[in-house]
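Subject: Structure handover

Hello,

Please find the structure below.

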Amino acid sequence: MKLSGCNFHGVIVIVFVMLSISSTSAMTNFNVLNFGANPIGRTDSTDSFLKAWNAACGTADSTFIYVPKGRYLVGSLAFKGQCKSPQIIIRIDGTIVAPSDYGVLGKWENWVSFERVSGVSIIGQGAFDAKGPSLWACKASSSNSCPLGTTTLRFTNSNNITINGLTSLNSQMFHIAVNGCQNVQIQGVKIIAAGDSPNTDGIHVQLSTNVEIFNSSIKTGDDCISIGPGTKNLLIEQVTCGPGHGISIGSLAKDLEEEGVQNVTVKKTIFSGTQNGLRIKSWARPSSGFVQGVRFIDSVMRNVQNPIVIDQNYCPHSENCPGQVSGIKIKDIRYENIRGTSSTPIAIKFDCSPKNPCTEISLRSVNLTYLDKDAQSFCCNVVGKVFDLVRPNSCL
């Protein structure tokens, strides 16, 4: 074990919960059509959805809200707790459609939001279509009149949440956000946006505990999954990513006082043509935050620019960089059975803080190549160990 300087090395060989909806006889049922929703999408159905939610929320029994096939035009929907109903299942088989004018939603932080709810499940084969491309085009034109944009689906300060089988299309900003929640399971979702769509993170998790993301496909223009401060006990398994910016812890050190990220496991993932694979990123400024207890296991890289990266000098586009030293403490990070191809010569990059070097970093059974040849690794301010065959040879 050693604390390395900054140097390059060439290669040297050394729970899914089943939801049964076949019978809802024990539940109180609500159909959005009965509240006036228009399945052709010609008139606004926002009030109809809110009325259906209020009816279900105010019922003492378990409840079931049904959105049949069709296209439903809705504006911003804020579903509030705390509900009398101990369980609310929302089955969406239709498509929820945003207004064609991006400014209608763009001024709101969220399109569809749930706050202080418990026992809510959103299931079905339906979709959210946020019609993001027109806003992306506005931003690409460098116009100062573009709104920031809205997150498609957000849960805040909620618990016992399930999202199963839905599709999110062309979100203006984040597709799905989980903030301040406990016991969340996301499974079988499809997230689709252009590879150059700005700030369209697939799934963002922060300040949340016991979150599971399974068996999902994410194609977007930013991080497929982004993991923010205060995330604890997160499991990601069988997720495909690409296009996108990979699975990222961070960016961290946005604030001086910041909660840490711990006990994160990422397993059986596939990255195709992404900017990054497995990434930890923090700004170069003081912070009380930390990252520890992270396991990256069994990942396949297909033409990925940065398959394995820790970047504690994160500054996208090299604009307004803080130019200080990252206070984020990173330790106990394991990479195991990571294999595939890098689209750049450096397949492993550990660029850690000189004040708080990365410690307890381990590589086991890593095999990454560049153009069918030996790739390289780069290390700066990192302590770690290498086990079994690692290619390229780590500079740990």
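This is a predicted model, in which local features need pLDDT of at least 70 and side-chain atom pairs count only at pLDDT 80 or more, while totals for chains, interfaces and linings use all residues. Residues are numbered from 1 along each chain as its sequence is written, and side-chain values use heavy atoms, with hydrogens and water left out.

Disulfides

A disulfide is a covalent bond between the sulfur atoms of two cysteines. Here the term is applied to a pair of cysteine sulfur atoms within 2.5 Å. The structure holds six disulfides; the notes below cover some of them. For burial, the cut-offs are: buried under 20% relative accessible area, exposed over 50%, partly exposed in between, with a 1.4 Å probe and protein chains only.

- Cys-138 and Cys-146: the sulfur atoms of this disulfide lie 1.9 Å apart. The link is left-handed, with -95 degrees about the S-S bond. Cys-138 has a relative accessible area of 9%, so it is buried, and Cys-146 also counts as buried, at 17%.

- Cys-352 and Cys-358: these two form a disulfide with 2.0 Å between their sulfur atoms. Its S-S torsion is -100 degrees, a left-handed link. Cys-352 is buried at 1% relative accessible area, and Cys-358 is buried at 0%.

- Cys-379 and Cys-395: the S to S distance in this disulfide is 2.3 Å. The disulfide is right-handed because the torsion about its S-S bond is about 90 degrees. The pair links distant parts of the chain, 16 residues apart: Cys-379 is in strand S30 (residues 376–380), and Cys-395 is in the segment after strand S31 (382–391). Both Cys-379 and Cys-395 are buried. Strands (E, at least two residues) and helices (H or I, at least four) are DSSP runs, numbered from the N terminus.

Cys-181 counts as buried, with a relative accessibility of 1%.

Helix H1

Helix H1 has 12 residues (46–57). The expected span of a helix is 1.5 Å times one less than its number of residues. For H1 this gives 16 Å, and the end C-alpha atoms are 16 Å apart, so the two agree. The buried residues of H1 include Thr-46, Ser-48, Phe-49, Ala-52, Trp-53, Ala-56 and Cys-57.

Regards
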